[in-house]
Structures are given as C-alpha cells and as structure tokens.
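Welcome, and please open your viewer.

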Amino acid sequence: MFARIKAKLPGPKAAAFWVGATSLVGVYRYNKRESQKRLDYYCQRASHAANETMGSLDVPRKVHVYIAVPMGELGTRKARQHWEKYVLPVFAAGALDYELTLVNDIETENGVERVVRGGIHEQIANEIRERRRKHLEAQDSRELRLWREALETRKREEESRKLRKRLEEEPGMSVLELWRPQEYPHVMDIVAIGRETWVEAINGVSEGAVGSLNLQLPECEINYDRFGNAPVALPAVAYISHENLAGWASLPQRIFNFFHDQQNVDRYARQALQVVYESTKRKPRGVQELEEMGKQEEARWDQEPLEVVVDKRVADQIQIYDTMTDSAPF
C-alpha cells in the first residue's frame, strides 16, 4: 500500500518546484494585501480633508502636477504609472483637484533618440512672467493695456482659425470637445514627480519671478521692464520622489520590490499625503535645501544631471511642502 502511494508522489525535483512556486505566490499575495492596507491607511487620513466644510462660493484646492521623462527613459510611461499607483489614490481620497502635465520632448540626432530637457522649466517660467505682466497692466499703464488688447485679439483670431480648420477636418466633432473648464482663480501649487522634474520646476519659478518681462513678437518687442518690477505670489512646490530603476544593474532591486512593495507605498503615499494638507507648507532652509532635495535619485543615473539654479530672493520667498517628514494633521 505504501509503495503504491509513494509511486504516485512527485519526485524531489517536482516537489521542490511546487514548494518554491507556492511560496513565491504566497509572498506575492501577502505583499499585495499589505501594500493595499498601507495605501488605505494614507487614503483614510487624506479623507479628513475631503470632509471639511466649504462655503458656497469657495473653490476647491487645485494643484498642477508635472511629470518629466525620468533619467534613463525615453518616455513618461513609468513616471505616470508611479503617479497613478502611489500618489493619485491619496489625492482622490483627499478630494484634491489637479491638472496633469506630462512633458515628453524627444529629438533624433544621427539616428539616435534623446530627451530634450527644459520644457517644464520654460512652461512654469512663462506662466509666472505672464502673471507679472498682467500685474503691471493692471496699474496705470495705458500703453501696456493697449498691447494686451492687441495680443488677446490676436490670440482669439488664432484660436478661431484653428477651430475652423479642425471643424473642416472633423465635421462630426462633438460640442463637448470644444468645452473648456473655467480657469482656476488662484495660484496653483506645483507637484514635481522626481528629481529632474523638481529641478526644472524650481528653476522655472526662479526665472519667472526675477527674469525679464520683455515680450518678443515677430514684428516688434514690448518693453515691460521699463515700467518697473511686478512681484506676484509664487506657487508652493512639492517634491515627490521617484526612484526610477532602469538597466540590468537594478534588476535585483526590481525583483525585491515586486515582492516587497510595502516600503514604497509607505514612502510615496506619505509624501502625497503632505500635499493634501496646506498646513505642511513651510519656508525652505536656505538655497541648499532646494539644491539637495531629491539628490539621492542621481546615484542611479549614468547621465549628467540638471542643477538647481535659484535666485536667493526667490529662495527667501518661495514655500515648499514638507514631504520628507509626516506632519499631516491627521
């Protein structure tokens, strides 16, 4: 009898395989369950912000999330997955509205693709400069107001021309595609995913806050600088880390993370939670803190990193979210 049972049992190699496979599945399932528990914990803490009462005329908070191409990549796919997995659920639980901008500028030179940096820097700088220009125009400057009217007229004509062309190309286009959300009435704080995005964001804020306001047009230049300076409120900036694991050298760490992701949920979801609450904003501890924020990510890079270049006047004025410590009120 025992001989018949023994004959039906798997051999040592088959038994070792099934024991190993079952153990890996068990570890993976445990990791998924524990990771979800930790994410639920931070979402529950964020939900207190969603339950706060608001006045009938109050506008919900909104932040601008920027994602650049991570070092070692040729697209924003991995960075977006990082945002959707660890950060977005916490924002949603806290009813924090957001605008998402992914910058993926790629150029080909001699058949080789490479990432073009600086798109986020330029966009943020232009937005702040535009607010400074409008601040000057609101003062007693009839000349600037006339220029603004001419610029707005040109902008409307250009948008109308593009719309007519699009309607000709897509006659069945839905009216909903023409709808645009109402412009946010306040300054949107900035959320930078990853070190390279952080550097571009800080540099963009600095340039926009103290750079020249002159506007170069095809036919002339509008000299705003001769009308004086126009300081405006600057957006607070939040850094959320993204340790991008690229290349064969990072394969062991990626395998470890696949079976032990709880530590990443703790780290990234906790950082997202700090952005949900405005009370975590503070002044940076000098220019050095802005320069060093997220610098540990560069240890895995094999390319020349961007450097933070910030004016001291901006460093004294700007605020950052304290995402490196857990100071959320709930």
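Helices (H or I, at least four residues) and strands (E, at least two) are DSSP runs, numbered from the N terminus. Colour by these runs and you will find ten helices and ten strands in the protein. This is a predicted model, where local features need pLDDT of at least 70 and side-chain atom pairs count only at pLDDT 80 or more, while totals for chains, interfaces and linings use all residues. Residues are numbered from 1 along each chain as its sequence is written, and side-chain values use heavy atoms, with hydrogens and water left out.

Next, show the C-alpha atoms: along the principal axes they fill a box of roughly 105 × 50 × 45 Å.

Of its 30 residues, Val65, Val90, Phe91, Val191, Val275 and Val276 touch the most other members. Elements giving two or more residues include helix 2 (12–50), strand 1 (62–68) and helix 3 (77–93). Select helix 8 (262–276) too; helix 8 gives the most to this core, with seven residues.

Which residues does valine 276 touch? Leaving out residues up to four places away in sequence, valine 276 touches Ala46, Ala49, Arg61, Val90, Phe91, Gly94 and Leu96, where contact means heavy atoms within 4.5 Å.

Last stop: apart from this core lies another, of 26 residues, among them Ile128, Val205, Leu234 and Ile318.

Conventions: A nonpolar core is a set of buried Ala, Val, Leu, Ile, Met, Phe, Trp, Tyr and Cys residues joined through side-chain atoms within 4.5 Å. Buried means under 20% relative accessible area, exposed over 50%, partly exposed in between (1.4 Å probe, protein chains only).
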